[in-house]
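Please examine the sequence and the structure displayed below before reading on.

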Amino acid sequence: MTKEFTPQDYVKELGEDDLLAVRDLVKYFPIRRSVIDVIARRRQKFVRAVDHISFDIKKGVIFSLVGESGCGKTTTGMTLVRLYDPTSGHIFFKVDEETRKKLDDISGGRIKFYDGYVDLAQVPSKWMKPLRTKLQIIFQDPYSSLNPAYRIRDILMEPLIIHGIGDSPEERYEIILKALEAVKLVPAEDIANRFPHMLSGGQRQRVNIAKALLLNPSFVVADEPIAMIDVSLRAEVLLSILDLKEKFGVSVLFITHDLTIAYNISDYIGVMYLGKLVELGSAEQIIKNPLHPYTQALVAAIPIPDPKRRHIIKDIRIKGEITSAVNVPPGCRFHPRCVAFDEHPEVQARCKAEEPRLIEVEKGHYVACHLY
Amino acid sequence: MSSDLALDVRDLKVYYYTYAGVVKAVEGVSFQLRKGETLGLAGESGCGKSTLGFSLMNLVPPPGRIAGGSIYLDGMDIAKMSEEELRRKIRWKKISMVFQGAMNALTPVYKIGDQLAEPLMVHKGLEKNEAIEEAKKILPKVGLDPEIVNRYPHELSGGMKQRVMIAMALVLRPEVVIADEPTTALDVIVQAQILNLLKSLKKEFNISLILISHDLSIMAEVVERLAIMYAGKMVEIGSSDELFADPKHPYTQGLLKSIPKLTEKGLHYIPGTPPDLRNPPQGCRFADRCPFVFDKCRREEPPMFKVGETQYAACWLYE
């Protein structure tokens, strides 16, 4: 552990094009204790949803977090935009001059800046407002994330009013139309006057992307945005997300369980298992050359649209099922399910005792496994 | 009906009679399921594939019902049977179903053993302990420890529950099993394991399997023949080798192109949205989204044309 590191030390290591740097981020959820637990003085238990993870996101890239349900990928996304307060760790986020001034105004200069970065983990919620425009999130379910009683126009108007963007209703309406056109919801005037139920899932999700785009953010979390969209319309939503990056220079944290989609859309992929990042690298490196035994199993499990493979019973090299994030196995969390663990008796002692750290195996490709 | 057919569906119509109007969820679908075959029913949400699956057991949830056509099984027409007959002769004995969302398909207040034993007690007249013994025999076949008969559903993971659902569908050794999106709520690894299981069980039990899914990658890995549905109609059917290699219907072509692949990067979609099934358009239902649409498509509904060795497509391009 790098305990003596100060925020300044972390920031010093960052490159010019880094937008967001997560360092040792932790998010634990306490489990409710019963009266008996309290009387018996049993220790408070936690769901260790995110457990000391670190990664960087550069400007204008799509970074995918993949893993099984319960691995902590959504919690990570929610924590990065401060919908959850982190338990500990740092989230360094680069802010422009304008936001910096607003932050100074609202806090009376009490928010610390480190070389142009602000540590999101340390900004109290009451001072987050200027940052909210820069951090946006797109949720999984487009059927419940739009208020059915409001027209699209009114739904999109609200963030503009709250953040005081645009001087008159007419000007705001213009901004809304532009955002709708940016996600190819045309004719924008027609869409703006509709209610959510008059749109398809894909269109609703693009309204959500437009909503994220309205406030001119620099970082957007997209949490499984296409999980509930029809197959034939998924690409439409994905292309809008690609536009976020390509036309607007926004960085996107794309959360998905589908490795094929992650491969097709992202520049970098991080693989999570039980609250830990186990492998990190470019999309190409992760899919074509997976190193961690868990990533290898995930990649082997991807269904391939080729009917010639139909007689094959796939060899998926993994044992058992994901354990709970409350009772995390000691050492490497993956070792109880790891096939490589059985095959390499020489590392077993280390796997059981010592938590592996991310090691750079080839340029930009990190893996947390004692085999390397 | 020739004897190598497990199911023969002819001109089936299933409508939902809602207050807002009649939703024609399945409109004139015909297909045959051979014995021992795996047939896939693919399509997007709302295309009628699940409704079709339910109707094969005559189990369409109200306000829906079979409005026409027939489903022959062993010379009997399931579509015209009474509830009583269906319960006694057909459901679970001849045709069983693995329901979508295994998480919620098991009763939370009964032990797994009791739930597996129930069909055996009702249909085979076994005593409870005999039935539980029988249930214990089938659990290892789906890769579960027989001892879980004493557990409650909440003690099992999603993948294990899905395996229990599969065991339950097989417990009376039916001829036809319908699996409705059996892996939708599951993680990638568990999904691959369940698909492996379905493949090996199919051989072992010699069942005819109908797999319903929106995911064509899954279809490719499992089914021998594939039917594509769009807006309540079957638009193409054929062996999966032929259909994946050379899709004929423009919708199938678009759908196959929409699957993201690992071999080449690229994102494609079919512009537009499916029609409202309360008011389906005249002519071909795909006309509004079709890149090759011409006059006749909007006037007349296309019948199935033979377009390959085993392949049929409902498109005027192949008249």
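This is a predicted model: local features need pLDDT of at least 70, side-chain atom pairs count only at pLDDT 80 or more; totals for chains, interfaces and linings use all residues.

Taken along the principal axes, the C-alpha atoms of chain B occupy a box of roughly 65 × 50 × 40 Å. A compact globule of 319 residues would have a radius of gyration near 20 Å, and chain B has 20 Å, which agrees with that expectation. Of the 319 residues in chain B, 50% are buried. The contacts within the chain may also be considered by their separation along the sequence. Among the contacts in chain B with a separation of 6 or more, 63% are accounted for by residues 24 or more positions apart.

The next topic is the meeting of the two chains. Here 37 residues of chain B are in contact with 34 residues of chain A. On the side of chain B that touches chain A, the elements giving two or more residues are helix 7 (188–205), helix 8 (216–222), helix 9 (240–245) and helix 10 (250–258) of chain B. Helix 7 of chain B gives the most to this side, with eight residues. Sorted by class, the side of chain B that touches chain A has 15 nonpolar, 14 polar and eight charged residues.

One part of the meeting between chains can be followed in detail. Two packed helices are described by the angle between their axes and the distance between the axes. Helix 10 (residues 231–248) of chain A packs with helix 10 of chain B at an angle of about 50 degrees, and their axes are 8 Å apart. An angle counts as roughly parallel under 35 degrees and as roughly perpendicular from 65 to 115; helix 10 of chain A and helix 10 of chain B are therefore oblique to each other. The crossing in which helix 10 of chain A passes helix 10 of chain B is left-handed. Which residues meet there, in helix 10 of chain A and helix 10 of chain B? From helix 10 of chain A come A:Val231, A:Ser232, A:Arg234 and A:Ala235, and they meet B:Gly254, B:Leu255 and B:Ser258 in helix 10 of chain B. The residues of this contact divide into three nonpolar, three polar and one charged.

A second pair of helices lies within chain B. Helix 4 (residues 112–124) and helix 5 (residues 128–138) of chain B pack at an angle of about 110 degrees, with their axes 8 Å apart. Helix 4 of chain B and helix 5 of chain B are therefore roughly perpendicular to each other. Helix 4 of chain B passes helix 5 of chain B in a right-handed crossing. In this contact, B:Gly113, B:Leu116, B:Ala117, B:Leu120 and B:Met121 of helix 4 meet B:Lys128, B:Ala131, B:Ile132, B:Glu134 and B:Ala135 of helix 5. By class, the contact of helix 4 with helix 5 of chain B has seven nonpolar, one polar and two charged residues.

Attention now passes to chain A. Is helix 3 of chain A largely enclosed by the rest of the structure, or is it open? Seven of the eight residues of helix 3 (residues 73–80) of chain A are buried, so this helix is largely enclosed by the rest of the structure. The buried residues of helix 3 of chain A include A:Lys73, A:Gly77 and A:Leu80. After helix 3 of chain A comes A:Arg82, whose phi is positive, near 60 degrees.

In the loop between helix 7 (169–182) and helix 8 (188–192) of chain A lies A:Pro187. A cis peptide bond joins A:Val186 and A:Pro187, with omega about -5 degrees. A:Lys184 lies in the loop between helix 7 and helix 8 of chain A. Although A:Lys184 is not a glycine, its phi is positive, about 60 degrees. A:Lys184 is partly exposed, with 15 other C-beta atoms within 10 Å.

Chain B also provides examples. The peptide bond from B:Pro62 to B:Pro63 is cis, with omega near 10 degrees, and B:Pro63 lies in the loop between helix 1 (49–55) and strand 4 (64–73) of chain B. B:Asp74 lies in the loop between strand 4 and strand 5 (76–77) of chain B, and its phi is positive, near 50 degrees. With 14 C-beta neighbours inside 10 Å, B:Asp74 counts as partly exposed.

Key
Residues are numbered from 1 along each chain as its sequence is written. Chains are lettered from A and ligands numbered from 1 in the order in which they are written. Two residues are in contact if their C-beta atoms, placed from the backbone, lie within 7 Å. Helices (H or I, at least four residues) and strands (E, at least two) are DSSP runs, numbered from the N terminus. Ala, Val, Leu, Ile, Met, Phe, Trp, Tyr, Cys and Pro count as nonpolar, Asp, Glu, Lys and Arg as charged, and the others, Gly among them, as polar. The radius of gyration is taken over C-alpha atoms; the globule rule is 2.2 Å times the number of residues to the power 0.38. A residue is buried if 20 or more other C-beta atoms lie within 10 Å of its own, exposed if 12 or fewer, and partly exposed in between; C-beta atoms are placed from the backbone. Axes are lines fitted to C-alpha atoms, for helices over the stretch in contact, and angles run from 0 to 180 degrees between N-to-C directions. Angles under 35 degrees count as roughly parallel, over 145 as roughly antiparallel, 65 to 115 as roughly perpendicular and the rest as oblique. A crossing is left-handed if the near helix is turned anticlockwise from the far one by less than a right angle, and right-handed if clockwise.
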